[in-house]
Amino acid sequence: MSVPRSLRDWRFAILPLALWVWLLGSRAAAPKDSFQFVILGDRTGEAQPGVYERVWQEAAAEDPAFVLSVGDSIQGLNDSTAETEWRQFEQILTPYRRFPLYLAPGNHDIWSVRSKMLFQKYAAHPSQPPQLAHYSFDYSRAHFTILDNSRSDSLSPEEVQFLETDLETHKNQPVKFIVSHRPSWLVDAMLQNPGPRLHQLAKKYGVQYVVAGHLHQMLEVDLEGVRYLSMASAGGHLRGTMQYRDGWFFGYALVGVRGQAIDFHIKELKPPRGQGRVTEPKDWLKAGGALKVTGAPGR
């Protein structure tokens with residue numbers, strides 16, 4: 001029995017469509033080796049009106065896969081007003097809910113038992129252990145470990161142990177970042193001291209970047225190939241000389257990941273909050289306590 005020509009034509013016409021649908025589905029399910037995300041510095045520590053909102057406007061225009069904050073999301077330090085502040089913070093984020101947001105706990109976010117409970121309520125990531133503020137997550141082949149040093153300038157033994165366990169569990173991820181609020185590594189990195197356990201673990205497991213905030217100042221320190229970054233302010237007041245060339249400005253970082261390559265662009269806010277200058281971390285290199293301005297910051 002022969003198949004009518006019209007049916008044969010329909011059958012062969014639909015096959016390419018089915019193949020196309022299958023290919024699209026396979027592509028959507030496949031891991032994305034190339035993506036970009038945004039890192040935000042501190043919002044508070046005497047937040048400057050309107051700056052954080054402007055940072056989000058410019059960062060959202062980059063269409064990042066997600067946004068990562070180094071902490072100090074609320075002014076905090078007062079149990080009686082903290083929940084109101086978290087609600088106000090959520091209102092600021094309302095236009096940007098399409099972007100997953102990962103928050104590190106800062107000293108303005110957690111300072112007491114009550115404030116820790118509120119951080120868990122308003123800022124906790126689904127992978128966070130109950131009653132703890134540290135966690136980790138993966139995006140494609142990149143791994144991010146978020147540490148809690150909100151109430152101490154140093155990392156507690158428990159945080160270091162969590163870091164070691166987490167890095168061991170995810171050792172096969174080729175791209176790794178460690179994020180905390182306070183730059184607990186600052187003095188040792190600037191003195192080129194490789195002894196601290198944090199650095200030993202970062203080096204052992206191939207961590208490319210260790211990122212923090214708290215200072216409101218942009219700087220980089222390179223220690224044995226591990227790059228330590230302090231982020232510029234995303235709204236917290238500017239300190240020191242308040243000069244751009246010294247790392248004092250409002251902005252954010254746009255980070256591109258392509259396979260195992262990481263491409264950082266530090267973006268100053270556009271006028272009127274800045275001049276829209278774009279630099280790389282190496283332009284903010286600090287070594288031996290002296291800032292080495294090597295590129296655009298001096299312009």
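1. H216 is buried, with a relative accessible area of 1%; buried means under 20% relative accessible area, exposed over 50% and partly exposed in between, with a 1.4 Å probe and protein chains only. The residue H216 is placed in the loop between β7 (209-212) and β8 (219-223), where strands (E, at least two residues) and helices (H or I, at least four) are DSSP runs numbered from the N terminus.

2. The model is predicted: local features need pLDDT of at least 70, side-chain atom pairs count only at pLDDT 80 or more, and totals for chains, interfaces and linings use all residues. Residues are numbered from 1 along each chain as its sequence is written, and side-chain values use heavy atoms, with hydrogens and water left out.

3. The side chains of H216 and D42 are joined by a polar contact of 3.3 Å. Such a contact is a pair of N or O atoms within 3.5 Å; within protein, one must be able to donate a hydrogen and the other to accept it, and residues adjacent in sequence count only if both atoms are side-chain atoms. A polar atom of the H216 side chain also lies 3.4 Å from the backbone oxygen of T44. Not counting residues up to four places away in sequence, H216 touches residues including G45, M231, H237, R239 and W248, contact meaning heavy atoms within 4.5 Å.

4. The whole structure holds 24 aromatic pairs. Rings of Phe, Tyr and Trp (its six-membered ring) pair if their centres lie within 6.5 Å; planes under 30 degrees apart count as stacked, over 60 as edge-to-face and the rest as tilted. The F37 and F177 pair is edge-to-face, because the ring centres are 5.6 Å apart and the planes stand at 90°. F37 lies in strand β1 (residues 34-40) and F177 in strand β6 (residues 175-179), so the pair ties together parts that are 140 residues apart in sequence. Both F37 and F177 are buried.

5. Ring pairs link F35, F37, F66, Y102, F137, Y139, F144, F177, Y209 and F264 into a cluster.

6. An open sheet of 6 strands shows mixed pairing in the order β3-β2-β1-β10-β11-β12; two strands pair if DSSP finds at least two bridges between them. β3 (101-103) and β12 (278-279) stand at the edges, each with a single partner strand, so one side of each is left without a neighbour in the sheet. Strand β2 (residues 67-69) runs parallel to β3 and is joined to β3 by 3 bridges, with L68 opposite Y102 in β3.
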